[in-house]
Amino acid sequence: MKKLILLNLLLFSSACLADSELVNSLNKACDGGDGEACRDLGYKYKNGNGVRKDYFVSAEYYKQSCDSGDAFGCNNLGYAYENGEGVRQSYGEALRLFGLACDLKEQWGCDNYARLKKSGVK
């Protein structure tokens, strides 16, 4: 039983170390202008995957991603604005970001844009 507990503890600590190394690598790539890395960090912070859940930090990374031209990052930032996660809720800003994602050929952005337009958002 002690060996099983020790093995589980070792596996857990290895996974935490791997998450930490991944987050460090993503941070370096994001700082270097890699929009996908910024988006991945946004997702990690939104969901608490390997980091402490933080909607504000998530939105900041999604903004960096979108600013770099990453369509999916724009779509995710649109969701943050639609739901008020880490930013002040703004359906108008969500609509703008979904439209930008659509312009960048992200189908989910187009679908979300159409959904908000249909609901009457201007």
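Colleague: Let's start inside. Which residues line the largest cavity?

Modeller: Lys46, Tyr55, Ser58, Ala59, Tyr62, Asn76, Ala80 and Glu85 do. A residue counts as lining if it has an atom within 4 Å of a cavity point. Before we go on: this is a predicted model, where local features need pLDDT of at least 70 and side-chain atom pairs count only at pLDDT 80 or more, while totals for chains, interfaces and linings use all residues. Residues are numbered from 1 along each chain as its sequence is written, and side-chain values use heavy atoms, with hydrogens and water left out.

Colleague: What makes that space a cavity?

Modeller: On a 1 Å grid over the protein atoms alone, a cavity is a set of points where a 1.4 Å probe fits but cannot get out. The search of the whole structure finds one of 30 Å³ or more, and about 40 Å³ lies in the largest cavity. That volume is the space filled by probe spheres set on the points, with points joined across faces, edges and corners.

Colleague: Which helices each supply at least two residues of the lining?

Modeller: H3 (55-67) and H4 (71-83), and H3 has the largest share, with four residues. By class, the lining has four nonpolar, two polar and two charged residues. Here Ala, Val, Leu, Ile, Met, Phe, Trp, Tyr, Cys and Pro count as nonpolar, Asp, Glu, Lys and Arg as charged, and the others, Gly among them, as polar.

Colleague: How many helices and strands does the chain have?

Modeller: Six helices and zero strands. Both are DSSP runs numbered from the N terminus: helices are H or I with at least four residues, strands E with at least two.

Colleague: Why is Cys30 called buried?

Modeller: Buried means under 20% relative accessible area, exposed over 50%, and partly exposed in between, with a 1.4 Å probe and protein chains only. Cys30 has 3%, so Cys30 is buried. Cys30 sits in helix H1. Leaving aside neighbours within four places in sequence, Cys30 is in contact (heavy atoms within 4.5 Å) with Ala37, Cys38, Leu41, Tyr61 and Gln64.

Colleague: And why does Glu82 count as buried?

Modeller: The relative accessibility of Glu82 is 10%, so Glu82 counts as buried. Glu82 lies in helix H4. Not counting residues up to four places away in sequence, Glu82 touches Gln89, Ser90, Tyr91, Ala94, Phe98, Arg115 and Leu116.

Colleague: Why is Lys105 labelled exposed?

Modeller: Lys105 has a relative accessible area of 74%, so Lys105 is exposed. Lys105 is in the loop between H5 (91-103) and H6 (107-118). Its phi is near 75 degrees, a positive value in a residue other than glycine.

Colleague: Which residues make up the largest nonpolar core?

Modeller: Val23, Leu26, Cys30, Ala37, Cys38, Leu41, Tyr45, Val51 and Tyr61, nine residues. H1 (2-31) and H2 (35-47) each supply at least two residues of this core, and H2 gives the most, with four. A second, separate core of eight residues includes Ala59, Cys66, Leu77 and Ala80.

Colleague: What makes a set of residues a nonpolar core?

Modeller: The members are buried Ala, Val, Leu, Ile, Met, Phe, Trp, Tyr and Cys residues joined through side-chain atoms within 4.5 Å. Cys30, at 3%, is buried, so Cys30 passes that part of the definition.

Note on methods: 1 Å grid on protein atoms, 1.4 Å probe; cavity = no way out; pocket = protein on both sides within 12 Å on 5 of 7 lines; lining within 4 Å.
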